[in-house]
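Try each task before you read its solution.

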Amino acid sequence: MKISLWVNGVRRDLEVPPLKRLLDVLREDLGLVGAKEGCGEGECGACAVILDGRLVNSCLLPAYRAHGRVVRTIEGLGTPESPDPVQSAFVVEGAVQCGYCIPGLVMASRALLDEEASPTRPRIREALAGNLCRCTGYERIIRAVERAGQTPARVCGTEPSPDPASEPEASPGDEVVVHVPGSLREACEMLGRGGVTVIGGATDLGVLLHEEIVAPRAVLDLSRVAELHGVRREEGALVIGAATTYADLLRDPDVARDLPCLHAAVRTVGAPAIQSLGTLGGNLVNGSPGADAVPPLLALGARIRLMSGAGGREVAADAFFTGYRATVRRPDELVAAIIVPLPAAGTRQSFRKAGTRRAQAIAKVNLAACARVQDGALRDVRLAAGSVGPTVLLLRRAMAALEGGRVADLERLAGAVAAAARDEVVPIDDVRSTADYRRAVTGNLVARFVLSLGEAPFL
Amino acid sequence: MPAPSDHSPVGAPMPRLDAWGKVTGATRFLPDDPRPDAWLGAAVRSPLPHARLVSVAKTASFPAEAVLLTAPDLPCANLVAMVREDLPLLAADEVRFATQPVALVAAPDRATLKAALAAVAVELEELPAVLDLDAALRGEGPVWGADNVVAEYRIDRGDPDAAFASAATVVEGTYFTGYQEHMYIEPQGIVATPRPDGGVEILGSLQCPYYVHNAMKRALGLDDDRVVVRQSPTGGAFGGKEDYPSILALQAAVLALRCGQPVAMIYERREDVACTTKRHPSRTRYRSAFDRDGELLAIDVDLVLDAGAYTTLSPVVLSRGVLHVAGPYRVPHARIRGRTVATHTPPNGAFRGFGVPQAAFACERQMDRAARRLGLDPAELRRRNLVRDGDTFVFGQTLRPGMAAADLVLERVLERSGYELRRREARAFNAGGGPLRRGVGVTLTMHGGGFTGDGEDRIKGKVAVRLDPDGVVTLLVSSVEMGQGAATVLPQIAAEALGVPVGRIRYHQPDTSAVPDSGPTVASRTTMVVGRILVAACRQLADKARAFAGDKAADPLLAAGRAGLTATAVYEPDPDINWDQSTMHGDAYQGWSWAAAVAEVEVDVDTMEVRPVRLTHVVEIGRAVNPVLCVGQVEGGALQGLAWGHLEEMKLRDGRYWNDRMSTYIIPTSLDAPDFDVELAELPSPRGPFGAKGLGELPLNAGAPALAAAVEDALDIEVFEAPVTPEILLARRREVRR
């Protein structure tokens, strides 16, 4: 496949296998070996580069996705003679030890400072959470970012602009056919012909491709379908395009204001370099019971809009999943949008996640909860939990136990609702946790939500 | 202490010399250089932990150009020399651990290699496996020797039985620690290139060039000059690249010799986690006798380490554990028994701390348990029992004046962290209810720098320096840079010794054809031991330069630059060191470094997630050669300890590591790390260069026990294990409530 991209300000025209990882294109085709492979699954961030202004893991991204786009790597950032302030600060603060993670960490720091000149320590920690360092304990790195924030970055000429309209050009030798449609109608048509694997953000698929667990002959990439991007306000609902990335969702003021439980959940997905790629639609279609963005959709009573060449239909989010990694989506259908009704005024929303760690973590248990208080009674109670069954579960018995309950009676209700929740979840033991823990923590988180309804508004 | 300046490089917080290459992406690690001519090698591994190896054979689809080597095909002795020579390069008749190599394959490219690996048929007859410590201690199998005991050490002092009989209080506890995976961000990698003279050259990410050199010589029967080992810039090691590279280098070497091509073996993450060594899991039974005032009378300790299936470095790890298990305390009577036993699991190996983190965890948990029983604050109990100058450790080493700093670091950390105030604030916070609990824990540990006992005298590290025509002095040492800072600190020491700026010193990338054997880069010995030999070499060189250039030369090194001067120095033991290896008695370590830490944690009682909020760490390390690098060592090591204490859990399933990915073996992110506050206390030691002592491993010892103490303080339940996971805490809290 012929692709053209801007790398460190220079246009590069390349002939590459379409699904070759951007990391390998940089290292092998361009000789830019600053980005490293530490895990090959988007976990360590040693491969992180900046793509159109956002940090991404280049080990997850197929080469064709870089076509028409602007890539910055460590090699383009600065030299000892003319360094970027991040590089100088890393040197001066002693933020470097073995150095293997450092190109990724420098790029992550640059991406943060480009967006926010003087970040707080908690913001720095959050922005670097997808870049694992085993040597430093992070303290010197955080101090280096604080220091670098005091110096503006050099402006090095005009940055090229990405060219979102152009399409990569297939070559006769390509082993994989890549469709990158620009409209929803085209996308549905191509899907209708069958035989294609749909790619959203590639954060899961990128790992499966690399490990040769899947080997598609043709892929259908949704990243350039304009209708699938962005958040719109529409008749009492927010309509979220399925290919909207977590990074875009996090920066959407309507989502932050009206759907705080979704905002909070999205913030816990992976770390920034994953959030730049991963999409809400992908999180749904992937069907993982641990998907962090899904419990809020169930709790908020969202509907999923499916489209095919034959037309569209809507399904309630809690009816979308039929079993472990199985959904009602037919092979000819795309998830086009997620329609989230705006919660009634006064609705309390909460999202909690007990993960394997505080970022870049799969949930052991997560819980999204919504309810409102009217005339001293609880109304519109919705509770949804992940990683406690084959799909994300709506906790119907716990909801029933709480619906209509009196605010004056929260202490007793908390116990009853938690017991109902513990009874209805069906968790398993796996590599991350135990069924016992998951069951107990589901109850605890539900109880905590119930008790919080008696407190001042939160989250 | 003199203020740092250009001419007193020791003590200067200068940036590391390799920093710019690393922050600009210019540093080339092993996977960064293209090697179009290199073949790729891989191992065929046993899926079973214990089996009879019936056959290994090519099937019809095995690619013609690929190479298969089984044990009978090996062109060399089937062994990887370490402490003993029991580890075969390839299993011959019996497989003793899952992932054990049974054959090696090489092919010119990745696709052919994959096809070849898929075309090897391995027939195994499964045998019962001994996978847990108790079965191993009962002698089941046996996996190794007659009774599975790979090594055993004892320390006896005084009359512990009488002391226990007279004690006011006896405290007993059993403590467990789990595996720990190094998770250096650069996986293991080796490239072996055959030489025209029948020898082989190794380039790799490794800690100990001469360990690899020795293993190659032993197995391949080659003389010194026909084996060359070079170190590539190494992306983290932490002990994980101490022992394993010998195995990987031999695999690559036999393949390279067989196919007459360079062979690269560079692991992807999953193979690295699944197959390389881990920190030894441990179980320690600890009994302590106290008098009425809370003074220790005696201890009775049984420390057991899981060695895995072969010896590797386990006896050495055990001896260090045994020597540290009484901790920095005065113990008049002691019975200590340490054993490392074999199981049908992958061999465990070196990991920063090398047996001490396990020992320190048990010792410090026991002190906290005792404090509760005695009704004393944990800091006060430590204060009453810590060793001071003039005290004698259980193994007979008397601390000479200026050697003990346990009281110094403890008092400093209590003051610096505001320990008492923090404890009170945590109590007040916890009384308020809500889902969060706060806790504050203190711990006191120590670490002996350099090899145990007479180890340095036996290894006789050697250092050379060479004066180049430009007046720059090149350091020829086998101590590697792996992130810890040797390539900056050693030049600082040399510059100080020569009285020149650091810019006049060049560090030579370790290469056995160019540098002498200064010993391995392990045991917190590089600064203290190699640095000291380096000073001797530098002083000789300075003398030679002055002799050549004359007393009047303003810059004798520059004036003598063309004279081709070199100087070599060998480790010289101090005459006043006494050690008896057979009884483990005497001056176990020449320089003790000391650390005290206060951990503050927040625990969410709904999920039992533990968040370390702050770690205050005071270390006494003699002279800090480069304070910025020292602080970095403390913070990084401490986080590894903290994470081992609650996040890092390696699980075995059917004898294999279950969570063999970065997404399942959990190391901390920036959000999991606490704020660090580090203080370097400096009591210059006569044993190290310009007063320096060992540092690298020390900070790992404090993390886990400090965290456990803080969790205990937050939740008012007892913690016996590292890692103490949310799952364990939830279950324990439930038990306590019943």
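The exercises below concern a predicted model.

**Exercise 1.** Find how many helices and strands chain B has, and state what share of its residues is buried.

*Solution.* Start with the secondary structure. Chain B holds 19 helices and 28 strands. Next, take burial. A residue counts as buried if 20 or more other C-beta atoms lie within 10 Å of its own. By that cut-off, 63% of the 738 residues of chain B are buried.

**Exercise 2.** Decide how compact chain B is for its length.

*Solution.* First, take the radius of gyration of chain B, 26 Å. Then apply the globule rule, which gives 27 Å for 738 residues. The two values are close, so chain B is as compact as a globular protein of that length. The C-alpha trace of chain B spans about 80 × 75 × 50 Å along its principal axes. Last, look at the contacts in chain B with a separation of 6 or more: 81% of them join residues 24 or more positions apart.

**Exercise 3.** Describe the side of chain B that touches chain A.

*Solution.* Count first. In chain B, 55 residues are in contact with 56 residues of chain A. Then locate the helices. Helix 1 (19-23), helix 17 (627-646) and helix 19 (726-737) of chain B each supply at least two residues of this side. Helix 17 of chain B gives the largest share, 7 residues. Finally, sort by class: this side of chain B has 25 nonpolar, 16 polar and 14 charged residues.

**Exercise 4.** List the domains assigned to chain A.

*Solution.* The assignment gives domain 1 (2-76), domain 2 (85-148), domain 3 (177-222) and domain 4 (347-459). For spacing, take the centres of domain 2 and domain 3 of chain A: 35 Å separate them over C-alpha atoms.

Technical notes:
Residues numbered from 1 in each chain as written. Chains lettered and ligands numbered in written order. Predicted model: local features only at pLDDT ≥ 70, side-chain atom pairs only at ≥ 80, totals over all residues. Domains from an automatic or database assignment. Contact = placed C-beta atoms within 7 Å. Helix = DSSP H or I, 4+ residues; strand = E, 2+ residues; numbered from the N terminus. Nonpolar A, V, L, I, M, F, W, Y, C, P; charged D, E, K, R; others polar. Rg over C-alpha atoms; globule rule 2.2 N^0.38 Å. Buried ≥ 20, exposed ≤ 12 C-beta atoms within 10 Å, placed from the backbone.
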